[in-house]
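Subject: Structure for you to look at

Hi there,

Here is the structure I promised to pass on. Please open it beside this message, and then read on for what turned up in it.

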Amino acid sequence: MGKRRLIENYYCDVNNIADVVTKLIGSYRLLVGSAEELNRITIAKKKDVKEALDRVNDMGDIIDEYICVLDKISCTYLNYCTLKSQVLKVKIETSYILTEIDEELKFKE
């Protein structure tokens, strides 16, 4: 059971990173919107707009790093899921599953 718990924790890590990426993207969009609004203000200095765009670029770099990590770890998790499904196909006979489905359908009628 220790290995199963490890995979479950791994899955939680994948979800946590995906949540962080979602939140970072929200922040990125707000930064882009703020920079755009700042650019429209006539009293805004060019330097302020450039600094705002630098912050946007920094946030974009951070998001890119998280996405790269997420790509790497999600591939590993998908490989685990594929392997698990192959093992289940070998271990479980489809006739038992079909019988259970038929009985469930008959029971509901």
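Let me start with one side chain: Lys47 is exposed, at a relative accessible area of 57%. For that word and its relatives, buried means under 20% relative accessible area, exposed means over 50%, and partly exposed is what lies in between (1.4 Å probe, protein chains only).

Before you go further, please keep in mind that this is a predicted model, in which local features need pLDDT of at least 70 and side-chain atom pairs count only at pLDDT 80 or more, while totals for chains, interfaces and linings use all residues. Residues are numbered from 1 along each chain as its sequence is written, and side-chain values use heavy atoms, with hydrogens and water left out.

**Salt bridges**

Lys47 has a partner in Glu51: their side chains meet in a salt bridge at 3.9 Å, N to O. The term stands for a side-chain nitrogen of Lys or Arg within 4 Å of a carboxyl oxygen of Asp or Glu. The two residues are four apart in helix 2, so about one helical turn separates them. Glu51 counts as partly exposed, with 34% relative accessibility.

By this rule there are two salt bridges. The other pair is Arg40 and Glu36, whose side chains meet at 2.7 Å, N to O. Here too the spacing is four residues, this time in helix 1 (residues 2–40), which means about one helical turn between them. Arg40 is exposed at 59%, whereas Glu36 is partly exposed at 39%.

**Overall form**

The chain has three helices and zero strands, and its elements run α-α-α from the N terminus on. Helices (H or I, at least four residues) and strands (E, at least two) are DSSP runs, numbered from the N terminus.

Along its principal axes, the C-alpha trace spans about 75 × 40 × 20 Å. Of the 109 residues, 13% count as buried.

From Asp13 to Lys89, 76 residues apart along the chain, the C-alpha separation is 27 Å. Asp13 is partly exposed at 42%, and so is Tyr80, at 25%.

**Surface patches**

Patches are made of residues with over 30% relative accessible area and no salt bridge, where like charges are joined within 9 Å and nonpolar side chains (Val, Leu, Ile, Met, Phe, Trp, Tyr) within 5 Å.

A patch of negative charge gathers Asp54, Asp58, Asp61, Asp64 and Glu65 on the surface. Asp54 is in helix 2 (residues 46–91) and is partly exposed, at 45%.

A nonpolar patch is formed by Leu88, Ile92, Ile97, Leu98, Ile101 and Leu105, with about 520 Å² of accessible area together. Accessible areas come from the Shrake-Rupley method with a 1.4 Å probe, and for residues only the protein chains shown count as cover. Helix 3 (residues 94–108) gives the most to this patch, with four residues. Leu98 is found in helix 3.

Happy browsing!

Key: Lys, Arg positive; Asp, Glu negative; His and termini not counted. Charge placed at Lys NZ, Arg CZ, Asp CG, Glu CD.
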